[in-house]
Amino acid sequence: MEKLLPAKCSQELWFGVLISFALCFILLSFDYSTFFSVNNLLVNTQQVDPIGILKNQTFSITDQPSTESCSGRFVYMHDDLPEKFNHDLLKNCKYLTRGTDKPNLCPYFENFGFGPEIENNEGVLANESWFSTNQFLLEFIFHNKMKHYECLTKNSTLASAVYVPFYAGLDASLHLWDSNLTVRDSSAKELVDWLSRKPEWKKMWGRDHFLVAGRISWDFRRQTDDVSDWGSKLRWLPESMNMSMLSVEGSSWKNDYAIPYPTNFHPSKDIELVQWQDRMRKLERPYLFTFAGAPRPDQQSSIRGKIIDQCLASSTCKLIDCSSGGNIDCDNPASVMRVFQSSVYCLQPGGDSYTRRSAFDSILAGCIPVFFHPGTAYSQYLWHLPKNHSSYSVFIPVREAKDVPASIEEILLGISEDKEFAMREEVIRLIPNLVYADPRSRLETADAFDLAVKGILERIEDVREVIREGKDPSIGFADEDSYKYTFPQTQEQA
């Protein structure tokens with residue numbers, strides 16, 4: 001027995017060593033994993049784009065929306081879309097210009113794409129929720145809003161629509177002037193190739209997919225391979241033709257839809273909207289009409305020159321000259337809104353394209369818009385503006401410069417006070433439809449985003465109905481609709 005003691009002690013000693021070694025290993029592993037996790041946290045915290053927004057950050061209120069309340073409203077978002085199609089574009093914001101000689105877009109990505117908060121409102125704007133917002137960032141704003149959408153789902157089989165968070169306009173801005181058409185079209189081709197390989201695509205072959213652009217849809221419909229031709233071919237790619245695009249201006253094709261330009265007002269509470277609307281009702285408006293813009297001397301068909309001449313000749317018109325060296329800084333929202341708030345009517349002729357952000361700024365100011373072409377609003381924002389155009393606006397049909405009436409002032413003076421009051425009430429009532437509210441809050445009132453999502457869901461449901469009836473959904477889906485830009489034969493008098 002005594003001879004066995006050393007062996008037993010030896011065994012116990014080795015057993016103790018092994019246990020100690022195991023415990024040390026576990027403790028070290030735990031400590032290292034903790035250290036590694038902290039390091040990872042630090043790395044992830046630092047992986048922020050130049051404008052301070054965490055990549056892939058999702059703000060959805062709930063991961064599992066109610067099936068009952070969201071029936072027919074579920075939207076699936078391609079969070080797995082490669083970052084080259086969205087987030088990487090933000091990293092390169094210094095190369096994204098505003099389309100002018102002004103600085104790049106980097107500062108405008110702040111605050112979920114609303115831009116820097118306006119600190120000096122000059123007594124013109126409300127105290128909160130006003131920002132220096134750039135119109136080209138609609139796709140970024142929409143993406144951040146979608147992350148909060150109450151019926152956003154991670155289960156694509158439940159979805160009534162599939163949202164593709166491709167920043168088409170920002171991507172186009174990098175290459176619009178590129179003489180290499182292969183480079184200009186590369187992102188579009190890579191995008192549709194990626195999408196067509198996903199299981200969600202095969203559900204309706206893309207007809208339940210939609211994307212959003214902060215540029216006019218014409219920028220994605222280059223019809224030739226001539227280097228001098230404008231834009232990319234995104235919307236002419238076969239897969240893309242099965243999708244719908246929402247942009248600030250729709251083209252004459254049926255799968256392009258217009259949604260409002262972003263304004264500078266992004267309320268976070270319903271009361272902010274109500275207070276602003278009440279404020280617009282009570283304003284004194286000493287000017288009969290106003291025009292904000294610059295002449296287009298290089299465009300023979302532009303009516304702006306004649307409008308500016310008439311405004312300068314009238315004591316009841318206020319001109320906001322946005323040309324270089326003009327009388328007002330048109331980049332200052334307070335300066336522009338001050339004049340709009342002082343005017344009964346705001347003239348809205350087309351500019352570089354049919355539509356204008358100014359039309360939405362004027363409505364926000366309670367100024368009745370005066371349109372000269374149906375493509376500026378009436379045939380565009382079908383989900384956001386009333387079908388009865390004369391309820392909120394004045395239409396003076398002008399096909400070309402020679403058709404400008406001798407006196408716009410006389411036409412406006414001929415409108416009765418009762419009619420003017422009714423139109424202004426309707427304009428003010430429309431304000432909530434046309435603003436993009438703060439994505440971190442949920443208003444009781446539907447905003448521009450809510451109406452856009454509702455509109456595209458209804459459009460996709462119409463396609464489903466066609467399929468249920470055994471018909472070919474491709475028929476008419478992406479056809480041209482030249483009626484969008486056709487002047488009506490008769491015009492209801494104001």
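This note goes through the strand pairing and helix packing of the predicted model.

1. Residues are numbered from 1 along each chain as its sequence is written. Because the model is predicted, local features need pLDDT of at least 70 and side-chain atom pairs count only at pLDDT 80 or more, while totals for chains, interfaces and linings use all residues, and side-chain values use heavy atoms, with hydrogens and water left out.

2. An open sheet is built from 6 strands in the order β2-β1-β3-β4-β5-β6, with parallel pairing (strands are DSSP runs of E with at least two residues, and helices runs of H or I with at least four, numbered from the N terminus; two strands pair if DSSP finds at least two bridges between them). Its edge strands, each pairing on one side only, are β2 (152-153) and β6 (256-258).

3. Strand β5 (residues 244-247) is joined to β6 by 3 bridges in the parallel sense, and L246 has Y257 of β6 as its bridge partner. Helix α15 (residues 448-468) packs on the sheet and touches β1, β3, β4, β5 and β6, its direction making about 160° with that of β5 (contact means heavy atoms within 4.5 Å; axes are lines fitted to C-alpha atoms, for helices over the stretch in contact, with angles from 0 to 180 degrees between N-to-C directions).

4. Helix α4 (residues 138-146) lies across β1 (75-77), β2, β3 (161-163), β4 (209-213) and β5, and runs at about 130° to β4.

5. Strand β7 (residues 287-293) is mostly covered, with 6 of its 7 residues buried (under 20% relative accessible area, with a 1.4 Å probe and protein chains only). β7 runs parallel to β8 (residues 317-321) over 5 bridges, where A292 stands opposite I320, and β7 also pairs in the parallel sense with β9 (residues 343-348) over 3 bridges, where Y287 stands opposite S343.

How values were computed:
Buried means under 20% relative accessible area, exposed over 50%, partly exposed in between (1.4 Å probe, protein chains only).
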